[in-house]
Amino acid sequence: MVSGRHRMRSNLRGAGAAAVAVALVAVVGGSWFGYQQLAGPNCSGRIELSVATAPEIAPAVRGAADKWVADGAAVGGTCIAVNVSSSESVEVAAAVASKHGATLAGVGQASGTAVTPDVWVPDSSTWLVRLKSGGASAFAPTNGASIARSPVVVALPEPVASRIGWPDKKLRWSDLLTQVTASKPLRAGIVEPTQDAAGLSGLLSLTAAASSTGESGSPKAQEAMVGALRALATNRSSLRQDLLARFPRSSDPTAIANGLGAAALSEEDVIAYNSTKPPIRLAALYLEPVPIPLDYPFAVLPGIEPAKASAARVLFEVLRTPDFKDRLASQALRAPDGNWGRGFQAPTGAPSPANGGASQVPPSGQGGAADLDPGAISTATTTWSVATQSGRMLCVIDVSGSMKKPVATANGASREQVTVAAASQGLGLFDDSWSIGLWTFSTNLQGSQDWSELVGIKPLSSNRGALQRGLASIKPSSGDTGLYDTMLAAYKKVQQDWEPGKVNSIVLFTDGKNEDDNGISQKELLDQLKKLKDDEQPVQVVIIGIGTEVNRAELESITKVTGGGAFVTTDPSKIGEIFLRAIALRPPAPR
């Protein structure tokens with residue numbers, strides 16, 4: 001699958017194809033000597049530094065490298081070849097995630113030809129944060145400082161923007177939320193925020209506005225958030241050029257009414273789109289509170305040899321010069337401090353530090369990965385995945401006696417109550433295209449049978465009320481944990497009526513390990529699951545372990561056979577967060 005935020009640029013500026021620039025730079029102990037001191041035509045050695053950059057900044061980086069070549073840069077007997085490639089940030093993120101064992105919701109697998117560079121300049125520090133929080137514990141890039149900036153804006157066709165007060169009226173994200181969730185909504189779209197940094201920034205701002213409509217976690221706040229997500233999902237796209245093609249291409253009122261009305265883009269996107277002289281120009285709205293900008297971090301990836309690390313430090317200094325700021329301006333990008341170089345064509349209403357707009361463009365030294373909230377980013381990407389995908393799921397909840405235990409971090413509510421509350425809240429995120437069923441399990445719930453079906457797997461369009469009543473009826477028993485028998489029965493049930501085009505899954509909550517003396521053994525369970533498994537009709541198993549009595553190895557032995565994942569939390573009050581992460585864990589399509 002090919003995706004990314006800037007595929008359109010090959011049409012706009014001829015900068016879409018990957019290119020290679022060879023630059024000779026000076027490295028002596030990692031020190032920078034300045035252009036005048038870079039001299040010497042002979043080299044006793046050669047170091048090749050690979051640099052992958054977001055497509056829109058690649059021409060500027062490549063141009064700086066070309067200037068080094070023209071200046072004859074070489075010193076100390078060592079020459080540096082800098083290979084600059086134009087690479088979609090999501091593609092490099094997938095490769096880095098694969099290398100470091102991370103899971104990124106909605107990103108999928110790296111292509112077979114994807115390789116990780118020595119230096120990576122993605123469009124946003126959110127990629128670095130997502131990799132770290134996604135399980136890449138050894139992923140510790142150095143530097144990470146910004147070399148460019150582009151504010152995230154909401155782009156509207158100018159006639160539409162004029163109707164809501166642009167450019168004179170100061171608008172907020174809450175105003176946009178009102179527009180996209182109205183009875184006659186503004187048609188908003190988004191590039192998949194799990195694959196696009198500008199889309200993610202817009203999603204974070206819009207969901208924050210929705211959360212402010214009521215107490216955090218309240219039904220009113222969740223309803224507003226889900227409404228916003230569904231509104232965006234109606235006009236989502238995996239490719240940026242596809243989304244841009246939905247903006248009206250004629251001044252005819254019908255075309256404007258039927259075209260895309262709003263989308264979160266970068267300022268650079270809007271400038272690039274308008275440079276093609278479209279029939280209807282886009283207005284850039286700089287909404288408050290200020291969304292996370294695209295900040296283009298210079299990340300030296302871990303594991304490169306010392307000589308390359310020294311070369312990377314030199315390259316970073318070159319990309320912070322006044323000359324480079326002018327190169328950025330020619331690509332419609334700002335310098336890291338939010339100012340711009342010669343030739344920058346700012347959109348109408350664009351803030352600048354020089355005209356009092358510093359709040360929109362944080363000064364150099366602020367922002368970056370250190371100032372981002374990993375929890376908020378993780379919640380946004382997983383919530384989006386859950387609320388906008390379609391699936392078929394059997395929810396299986398432990399009702400053994402240990403689920404009666406109180407949870408100190410949940411005001412004394414029992415493990416059962418906390419689990420049911422998490423499942424009930426999660427139910428509100430699923431749209432009617434989902435099919436969901438509900439089982440409980442312990443030991444000997446129905447005669448010698450360890451499980452009980454409360455609600456069969458049916459579409460939520462006809463099943464939502466039954467599920468809500470079923471969840472409300474759940475109470476702990478006095479039995480033990482019949483995990484193995486229940487898991488085998490659940491797997492057979494989901495596999496029996498497997499539905500194409502959807503993720504068919506089991507999500508099982510438990511606070512203990514198997515304690516059924518009359519049931520099958522672990523070996524018998526795994527052997528039978530291996531026989532039942534069908535790669536053409538996969539059933540994903542997600543197990544959420546609660547508390548300290550859970551045996552993680554036992555749970556992982558199951559999910560290693562079936563696919564899926566085991567999540568364990570010693571704090572049951574965190575079940576809601578884990579539930580979202582677990583549901584978002586769907587089999588990724590290869591890139």
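View 1. The bridge partner of Leu-156 in strand S9 is Ala-283, where strands are DSSP runs (E, at least two residues) numbered from the N terminus. The model shown is predicted, so local features need pLDDT of at least 70 and side-chain atom pairs count only at pLDDT 80 or more, while totals for chains, interfaces and linings use all residues. Residues are numbered from 1 along each chain as its sequence is written, and side-chain values use heavy atoms, with hydrogens and water left out. Strand S5 (residues 152-157) and strand S9 (residues 282-285) run antiparallel and are joined by 4 bridges; two strands pair if DSSP finds at least two bridges between them.

**View 2. Strand S5 beside strand S8, and its two faces.** Strand S5 is also joined by 4 bridges to strand S8 (residues 262-266), and these two run antiparallel, with Val-154 standing opposite Ala-264 of S8. In a regular strand the side chains alternate between the two faces of the sheet. In S5, Val-152, Val-154 and Leu-156 point one way, whereas Val-153, Ala-155 and Pro-157 point the other way, and all are buried, a term that means under 20% relative accessible area, calculated with a 1.4 Å probe on protein chains only. Because 6 of the 6 residues of S5 are buried, this strand is largely enclosed by the rest of the structure.

**View 3. The open sheet of 6 strands.** The order of the strands in this sheet is S13-S12-S11-S14-S15-S16, and the pairing is mixed. Strand S13 (449-459) and strand S16 (564-569) stand at the edges with a single partner strand each, so one side of each is left without a neighbour in the sheet. Neighbouring strands are turned against each other by 15 degrees on average, direction ignored. Helix H19 (residues 552-562) packs on the sheet and touches strand S14 (503-510), strand S15 (540-546) and S16, its direction making about 165 degrees with that of S16; helices are DSSP runs of H or I with at least four residues, and angles run from 0 to 180 degrees between N-to-C directions of axes fitted to C-alpha atoms.

**View 4. Gly-437 in strand S12.** Strand S11 (residues 391-398) and strand S12 (residues 435-446) run parallel and are joined by 7 bridges, and Gly-437 in S12 is the bridge partner of Leu-394. Gly-437 is buried, with a relative accessible area of 0%. Leaving aside neighbours within four places in sequence, the residues in contact with Gly-437 (heavy atoms within 4.5 Å) include Met-393, Cys-395, Val-455 and Leu-467.

Methods. Buried means under 20% relative accessible area, exposed over 50%, partly exposed in between (1.4 Å probe, protein chains only).
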